[in-house]
Number of protein chains: 2
Amino acid sequence: MQLTRRSSSIEIPSRQAALAARGTLSVRRTISRSLRGCLRSMSTSHAEALSSSDAEQLQRAITEQGNLVRSLKSDKSTPKADIDAGVEALKAMKARLQSLTPASTSASSNPQTSILGQSTASSVAPSGSNLRKTNNAKKGAYTLKVPKGTKDHSPSEMLLRKHIFATITRQFELHGAVTIDTPVFELKEILAGKYGEDSKLIYDLQDQGGELCSLRYDLTVPFARFLAMNGQTYQNIKRYHIAKVYRRDNPAMSKGRMREFYQCDLDIAGSYDPMVPDAEVLKIVCDVLNALQVGDFTVKINHRKILDGIFAVCGVPTDKTRAISSSVDKLDKTPWAEVREEMTGEKGLDPAVADRIGEYVKLKGGRELLDQLNGDAKLTGNKTASEGLVDMALLFNYLSIFGVLDKMSFDLSLARGLDYYTGIIYEAIVEGSAPPGLKEGKTSAKKPTDADGEMDETQVGVGSIAGGGRYDNLVGMFSGSDGKKGLQIPCVGVSIGVERVFSILQQKAKDQVNPRGKDVDVFVMSVGDGLLEERMAICSELWQAGLRAEFTYKRKPKMPAQFEAIDRDQIPIAVIVGVDELREGKVRIKEQVGKEENSSSKGEPVSRTDMVSFIKEALARRQR
Amino acid sequence: MQLTRRSSSIEIPSRQAALAARGTLSVRRTISRSLRGCLRSMSTSHAEALSSSDAEQLQRAITEQGNLVRSLKSDKSTPKADIDAGVEALKAMKARLQSLTPASTSASSNPQTSILGQSTASSVAPSGSNLRKTNNAKKGAYTLKVPKGTKDHSPSEMLLRKHIFATITRQFELHGAVTIDTPVFELKEILAGKYGEDSKLIYDLQDQGGELCSLRYDLTVPFARFLAMNGQTYQNIKRYHIAKVYRRDNPAMSKGRMREFYQCDLDIAGSYDPMVPDAEVLKIVCDVLNALQVGDFTVKINHRKILDGIFAVCGVPTDKTRAISSSVDKLDKTPWAEVREEMTGEKGLDPAVADRIGEYVKLKGGRELLDQLNGDAKLTGNKTASEGLVDMALLFNYLSIFGVLDKMSFDLSLARGLDYYTGIIYEAIVEGSAPPGLKEGKTSAKKPTDADGEMDETQVGVGSIAGGGRYDNLVGMFSGSDGKKGLQIPCVGVSIGVERVFSILQQKAKDQVNPRGKDVDVFVMSVGDGLLEERMAICSELWQAGLRAEFTYKRKPKMPAQFEAIDRDQIPIAVIVGVDELREGKVRIKEQVGKEENSSSKGEPVSRTDMVSFIKEALARRQR
């Protein structure tokens, strides 16, 4: 643990310099100099982007440092502190190399590892750690850490996470949703071809014989696979799934982008009358975000058919529709001028066409925008756009009945990245971090503040907290995979950004959440003689009554240590056991009001038979 | 989906035979004959144990069938149906091979796959599926299935699973336990050397550059790693963790042995007075199993120090202690005669020593067995055994205070497989499937029914439902890995066999659990005119009131379809919306008593303002 922390600081050079200053061997100084230079090159602000020549330099320094350590060890006269310092520096360097080496370098620098299809203790590991022993932890030295882009979640984090999942689940279940579970890995071919360029981020399992598998990248493709396999049983299903997904992305932990993270999806599958399930999904999104108390939010909505109709009407060639759509998708993070540049440059769109698109995608608003578009003869003359406008009118009506229309912003710049959407699309934005001008846009599309296409990028794109849409053809892609006519099951769904919800609520709750992550009702403590067995018996009685109770696992615990446990875990009730009280068949019960209270009052004497009901009443009183 | 199902039946030969009968090319008949023979050899009752020569035969047939399909395709005159049938047979054969081939066969039959370190669409896959296209699901043909040894969990299964997890969590939290979460994969070196021979069952992630990682094999090693990293913060912690673990074992789904399955661990870490946390863990095990209502159970307990003392006293050389212990561990599944054979043969133990061990490990009982052992001067003269006996006396005392002593069976044959245990060890057995004689053994160790060392193997070893023990050195293995003095955190813990709990409860609940896996309170239906918007508005009101409510996503749903939804999901309350009632500001509310009731009563007219309270009262009444 210490090594990992240290390796990301610049503490090592000075430590190593100290060793060099004490040095008795000239070679030690030489190594230390090359090491210092190398480490200096690492401690830039772009340390993550370590160049491969830096890596090679570090690799060489590691080899040399390894030799130095061995020579120090073989010299009986070397002080132990020197050896220790040398070993520590070596390990820090290795940890540094391993954590910083770009993926391609470690793979290509030693192709033998993958050729062997294994990397056991005896093989030469790509990070050059030929001193590392993995077979025996007692002898071996290695960095104690979790894999890059993953983290452990502490008890207090888990307490908040459980609260979030329970709140969301409660809302989903109000709507009659059920949950399913799918394996964390799927056959590789199930995921293949579903994520476009992002397929390179899929984690594959090693080929250890048998099937080739990959860790799931999201929960949507496994759901579509599930429906394609079980479509006869589940012609319609409203299912949710809260589970971890995996992406070999470049982690940016500070921004909350991890390689292992939770997704939380709700999807309604089945053939129904238009926009009814779509409206319920949007109702659920609003109810969930309200229940979570993430703060004010807006749901941007659009319709793929309206967007495609706009592209057609503006003159985008059919084969360029998706490419242009993906340019539009960048408008939440990129100013129009740049997006236009991409369209006309890289994607070869006629500048006049781009300008016509620009006029449309600036529009945002509510029902009045729908009226405006319905008055646009060119647009209503396009069959696709017209279908989308009819859908949108229905949707607005249903959303109004569900009481969530005021949360919506009809936004023609919303395109959503994924190719598989076929109908309405949406994205919920937490207001505090929404792009400027959005809030105004909700009520008036006439004068968007970003009329000149400029946006303050520092404030943009961080507020997205949920997103989704209708995808009617994804299940058919699977069920048609055996060459037969596919089972088509239309779907509409949403993914709640639970990791982002977690960050928001964690920030909010910083001072409120119990850092120990536990909710205990009663602490059973003794005064004087220890009385371990009596404390055990009382706890047993409390557990039996459904009360959460703890005691100290010591025969004769000290009073201060017991009070400390009570304070630390903010336990509201103390049951105090003493010899005198026991003789009278009593305990003393003391409510914790504040730390200072602990030493003053001695608590109220209560007979053992009344103990449970007394405590339950006290707890109920505190709830109020 | 269909292919998978078909491939496990014997439908294919006849289909292929039909193709052959229609055949126009002589080669087609030839192939079909070899295919028939091959498939016949597969459809035995031991199909899962396909021998490698069968696999090779099937592999050859696949190659030939692939050639046939290509030649059929290149011949423009071939009827499409023939090509389709040929392709289908080929895919079935491949699926069959893939699902039946032992892992080693497919790896060794084509080492090139692992040499390349990848198996993309263009590489030659081990199952010889050179026709398979994985890059494009629309064009590609592949088997729609989950990976071997994994499964999807349906809504009704998830409902039961959620109940189990909630019940267990509730018990854990009564004792003040907190939960943590760790990544699903760990650095490969963290797991290395922790599982002995079973290390071969660890799933590795493909080396895609960067760190080498493996899927977690259990939750104990990640917990020890967590403590070693965060020991300063968590000098003591009572933590539980319910999560999936991964083992590349040969799956035996019928027996519930999967490659992906849940584990549920509770561990108490920290330095305390002897046997206090140990007793609480056993109390928790009993409370959890009682709360889950798995049926009668017994907890076998033993102590590693007593066991090691016995071995020493009987004359086992120190270096053979663990090996002999692992032989004793087999006594729950293997008769003594065989275990003795293993000790004296393979492990080279003096037969006289084995016989002395045999006398001890037959003993089981309660406190009286402890008295018996305390009267055994040879044993009490051994320091290790003596320490274990003192522990055991303390434990018996504490278990008696906790009210669970009657559930315990002190059993000297219990050894537990893992090397890392250092103190008491235990295993809970569900009575229904416990080995014969165990129950008697609980009260009297004098005359075990298996006095002659014979056991009815058909009844043995399937009942283990929880297990664990004390392991004081595992954390030190990690924290000492950086070459510094290790942080020693003693631990005691238990793993509840939740998958087995699930099987038992699923069997019990077969007729009771709602097969749709949902619990909905109210269904809002219409008579006559559809009234979609009114149904939506009413649902919205019900959700607002915290009632679980659904309606049909149709503008004009039919009455029978709506009643069917109510019956299928066993929804207790129907709110019926009709034009007349709406005019009067009313709905009709009908409680579902049974299917036959649906068509008779028309429900009770209730004013809209009273609707929610009326329903809440009705639901409360049903709860009683």
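**Entry 1: a parallel strand pair in chain B**

I looked up B:Val522 and found it opposite B:Ile573 of strand E14 in chain B. The model is predicted, and I read every entry here with that in mind. I then checked the pairing of the two strands. E12 (residues 522–526) and E14 (residues 573–577) of chain B run in the parallel sense, and I count 5 bridges for the pair. A reminder to myself: strands in a sheet pair through backbone hydrogen bonds, parallel or antiparallel.

**Entry 2: the sheet around it**

What is the order of the 5 strands in this open sheet? I read E13-E12-E14-E15-E16 in chain B, and the pairing is mixed. Which strands stand at the edges? They are E13 (549–551) and E16 (604–607) of chain B. Each has a single partner strand, so one side of each lacks a neighbour in the sheet.

Helix H23 (residues 559–568) of chain B lies across E12 and E14 of chain B, and runs at about 175° to E12(B). Helix H26 (residues 611–623) of chain B packs on the sheet as well. I find H26 touching E12, E14, E15 (586–591) and E16 of chain B. The direction of H26 makes about 5° with that of E15(B).

**Entry 3: a helix pair in chain B**

I moved to H14 (residues 336–344) and H15 (residues 351–361) of chain B. Their axes come within 10 Å and cross at roughly 145°. The crossing of H14(B) and H15(B) is right-handed. From H14(B), the contact uses B:Trp336, B:Arg340, B:Met343 and B:Thr344. From H15(B), the contributors include B:Pro351, B:Ala354, B:Ile357 and B:Val361. I sorted the contact residues into 6 nonpolar, 2 polar and 2 charged.

**Entry 4: A:Lys244**

Is A:Lys244 buried or exposed? I take it as buried, because its relative accessibility is 9% and the cut-off is under 20%. A:Lys244 sits in strand E4 (residues 237–246) of chain A. I listed what A:Lys244 touches, leaving out residues up to four places away in sequence: in chain A, Arg216, Glu260, Phe261 and Tyr262; in chain B, Asp181, Thr182, Pro183 and Val184. A:Glu260 is 16 residues from A:Lys244 in sequence, with 6.4 Å between their C-alpha atoms.

What does the side chain of A:Lys244 make a polar contact with? I find the side chain of B:Asp181, at 2.9 Å. A polar atom of the A:Lys244 side chain also lies 3.2 Å from the backbone oxygen of B:Thr182.

Key
Residues numbered from 1 in each chain as written. Chains lettered and ligands numbered in written order. Predicted model: local features only at pLDDT ≥ 70, side-chain atom pairs only at ≥ 80, totals over all residues. Heavy atoms only, no water. Helix = DSSP H or I, 4+ residues; strand = E, 2+ residues; numbered from the N terminus. Buried < 20%, exposed > 50% of the residue type's maximum accessible area, 1.4 Å probe, protein only. Contact = heavy atoms within 4.5 Å. Polar contact = N/O pair within 3.5 Å; in protein donor to acceptor, adjacent residues only side chain to side chain. Axes fitted to C-alpha atoms, helices over the stretch in contact; angles between N-to-C directions. Left-handed = near helix turned anticlockwise from the far one by under 90°. Nonpolar A, V, L, I, M, F, W, Y, C, P; charged D, E, K, R; others polar. Pairing = 2+ DSSP bridges.
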